[in-house]
Amino acid sequence: MRIATKSNVSNEFRQVVDHDRCIRCKRCVMGCGFNALEFTDRVVPGPEPCVACHFCTTHCPQGCIEIERNPHARREHDVWSVAQQKRILRQAETGGVLLSAMGNDRPWGVLWDNLLLDACQVTNPSIDPLREPMELRTYLGRKPERVEVEYGPDGKRRLKTKLAPQLEIRTPIIFAGMSLGSISLNAQKSLAMAAKQVGALWNTGEGGLHADLRDYADCAIVQCASGRFGVHERYLKDSAAVEIKIGQGAKPGIGGHLPGRKVSADIAGTRMIPAGSDALSPAPHHDIYSIEDLRQLIYALKEATEYQKPVGVKIAAVHNVAAIASGIVRAGADYVYLDGFRGGTGAAPTVVRDHIGIPVEIALAVVDERLRREGIRHEASIICAGGIRCSADVAKAIALGADAVAIGTAALIAFGCHVCQQCHTGNCSWGITSQRPELARRLDPGVRSEMAANLLRAWTEELKEILGALGVNAVESLRGSRDRLRGINLTREMLDPLGVKHVGE
Amino acid sequence: MSSDWTKEISGCGLAGLISRSGAKICGEVPIRAIANLRERGNGLGGGFAGYGIYPAYSSHYALHVMYYRDAAIDQTEDFLRGRFAIEKRETIPTRPTEGISDPPRLRRYFALPHRTTGDPSGDPDAVMSAVMHVNEDIDGAYVFSSGRNMGAFKAVGFAEDVGRFYRLDEYEGYTWTAHGRFPTNTEAWWGGAHPFCLLDYSVVHNGEISSYGINRRYLEQYGYKCTLQTDTEVMVYLLDLLIRRHGLTIETACEALAPRFWKTIDRPDLDPDEREVLTALRITYASAMVNGPFAILFAHSRGLVGFNDRIKLRPMVAAEKGDMLYIASEEAAIRVMCDSPDRVWTPQAGHPVVGWLDESVVN
């Protein structure tokens, strides 16, 4: 039972307005998606708490509004932290599951920050990427173990080996799955436009492909998730690849729930469900209760796409991920998408987001090693995702064995996201995760796609610098080359599964 | 998981020659050539490979083994007797030479693997697995040469001293390679000198393989164990895997190891069939691509290949005269072997120079 209509949990942030400089334009009030500001005779805090999304401060023409942490001091306690107290109080008020959005924000540590890259000095030369070719082109998909070539009577050679379908990307970075519903159509369009522009891929998530984005289907990975939303023949056949989504790093073992109030006519049409109905993705696929069931779905999708599209499987990084990934590859997947426990989400129970799963760094390392030991590494590519923040993370992931990485949160930050973690409220002032038309239309795909494309370009250039320093001129020479990594401040128990030495070794 | 990624880093000088008509050349010739590249070495390793040098045992595998522990000798010979019929066992002849000290015990065995199936096509795999076993599992024993009618000779010292130590002036072969080494970060030991061999393949190498980590992990999937603490070893194993086990031609294998740049593969004037082959090679053998600076001489019973990295970060010159093909780090080494070559050229980066023994001479 809900005790109070207005929570007694104290606000985390407060807005401070310099009323002397304010020109009363009310842009901040109109801009706030969270109803956290209102205008009486001047701008004052509104009925709802500020979430520090900074839309108001960014757009104030006078620069006269600031957000600060609520100084409402409490006595310090290491066990009963303010955050813990607030969670308890909120649950006492509502009796419900607490929701969060975006990735795990707990201080578990980021292992990328405990890995350092190598460089060449003297004995092998570093390579200047501005003068020499530096190749990042990547192919995702099943590779043959060997190439067979036949020679015609004219002495010309021809390929005898039949290659499985491959996804060609210009740089080993793609966009992560974010459904229409979890993000706005404009946000999704921005990703699609950026992907097309730079030769990357975007991913529909599990919400289907909106009619307006059909022109971007050829660079889209389309998901087939437990709710089967928006899955139809053209959806599969027009795509770049099909992805079976088993799990998500932010909420392993948990399904999805897009509340009916967010299911607009647009979303309903795309998901092929009635407008206003709750869109429920079950926790498991109700036709997959075992690895052999997964194999059936993989081959059903290959049949449906006439073996022209790679079919991948996305899983959350959980404790036994290596054995699971091995099974997935043996079941016929062309790639395995590993989503670590820092992966983002539009909405997830806080307890799940913050406490379930393992770091993708470890998952990636043990999966790559396991597939190699079983001699099946070539049968599938590995995509690594879940908290990839910068080009250094990309390079380290590739050195641990990833074929490519996928980025979600980083792309949203490129759109203006301030990581306020309120996606689940549907009030995103930036129009990224909101379906409210007045908010969603703020996001201009023309401008934002350029920013997302720029991000990929910038990381690509940085990757070239890293490869050059490493003295290799193609990304495949870094892939899985763990001797180019060293651990710092890591225990043996961490170094061993990562397969890297400590600095100084 | 193995974390033994120690590898040797080195600069070096190379010289090699082949008589395509199969004429026998005295081992003194490569000694003089590599002596002229003395500046490229530092006295911490030298070696040679000669082909056609054991005509009396041409169908036997010649196993050259160095022993750093006496106990390893019995252990190895017991093991070898279990796997091979040993036709002849002897100490490798050497002469005391200034500059060569503390040699390990050096023995060679001319042997044929026991056949369980009677099918000689299984021999190479049986030999390879025996070599891998000795090198990996017998402490203090290293098989450093295992081909037929060929042999590798290597030691710590300047290359020309190594050649004289092994009395190479008493051997004759149709193909020779030579190597003078400049290691920079590993303690010098005899096993670490070049060439590196497996079966009848031998490689001498100038450079450092910057992709060593992934090349090694790739090879481990196919049962190759990198035990000699050097990146050159992976080159031998890669060639063995691609040529002998995957059946690629030498030229195609070289294209897999030092692939064309995408901009070349993408060129609209490239034949579409050819593009398909080059693309498939690149994406299939991505982990086999050898990156970083290298120039290698790869010799085998049927010929000699000189081969550079994709952007030619190490020198390599080639020359021809009549049926002779010469390849070396510097022209100076070639001029010692042949004072008036018909043609001298600098091979293009990533494009192998291949000298084949005439078909009529093979076998």
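## Ground rules

Two strands count as paired here if DSSP finds at least two bridges between them. Helices (H or I, at least four residues) and strands (E, at least two) are DSSP runs, numbered from the N terminus. This is a predicted model, in which local features need pLDDT of at least 70 and side-chain atom pairs count only at pLDDT 80 or more, while totals for chains, interfaces and linings use all residues. Residues are numbered from 1 along each chain as its sequence is written, and chains are lettered from A and ligands numbered from 1 in the order in which they are written.

## Chain A and its sheet

Let's start with chain A, which has 15 helices and 23 strands. Its radius of gyration is 24 Å, close to the 23 Å that the globule rule gives for 505 residues, so chain A is as compact as a globular protein of that length. (That radius is taken over C-alpha atoms, and the rule is 2.2 Å times the number of residues to the power 0.38.) Along the principal axes, the C-alpha atoms of chain A fill a box of roughly 90 × 55 × 45 Å.

Look for an open sheet of eight strands in chain A, with parallel pairing and the order E11-E21-E20-E18-E17-E14-E13-E12. Strand E11 (173–175) and strand E12 (202–203) of chain A sit at the edges with a single partner strand each, so one side of each is left without a neighbour in the sheet. Further in, E18 (residues 335–339) and E20 (residues 381–385) of chain A pair in the parallel sense over five bridges; A:Leu338, for one, has A:Cys384 in E20(A) as its bridge partner.

Helices pack on this sheet too. Helix H7 (residues 291–304) of chain A touches E13 (220–224), E14 (241–245) and E17 (311–316) of chain A, and its direction makes about 145° with that of E17(A). Helix H8 (residues 321–330) of chain A touches E17 and E18 of chain A, at about 155° to the direction of E18(A). Residues are in contact if their C-beta atoms, placed from the backbone, lie within 7 Å. Axes are lines fitted to C-alpha atoms, for helices over the stretch in contact, and angles run from 0 to 180 degrees between N-to-C directions.

## Chain B and its sheet

Chain B has an open sheet of four strands, in the order E5-E6-E4-E7 with antiparallel pairing. Its edge strands are E5 (84–91) and E7 (141–145) of chain B, each pairing on one side only. From one strand to the next, the twist averages 30°. Seven bridges join the antiparallel strands E4 (residues 61–67) and E6 (residues 105–113) of chain B, and B:Tyr61 has B:Ala111 in E6(B) as its bridge partner.

H2(B) lies across E4, E5, E6 and E7 of chain B, at about 145° to E5(B). H3(B) packs on the sheet as well, touching E4, E6 and E7 of chain B, with its direction at about 140° to that of E7(B).

## Two helices meeting

The axes of H2 (residues 70–83) and H3 (residues 123–137) of chain B come within 11 Å and cross at roughly 165°. The contact is made by B:Thr76, B:Phe79 and B:Arg83 of H2(B) and by B:Ala126, B:Ala130, B:His133 and B:Val134 of H3(B).

## Where the chains touch

The contact between the chains takes 41 residues from chain A and 35 residues from chain B. On the side of chain A, E9 (157–159) and H10 (360–373) each supply at least two residues, and E9(A) gives the largest share, three residues.

Definitions and conventions
Contact = placed C-beta atoms within 7 Å.
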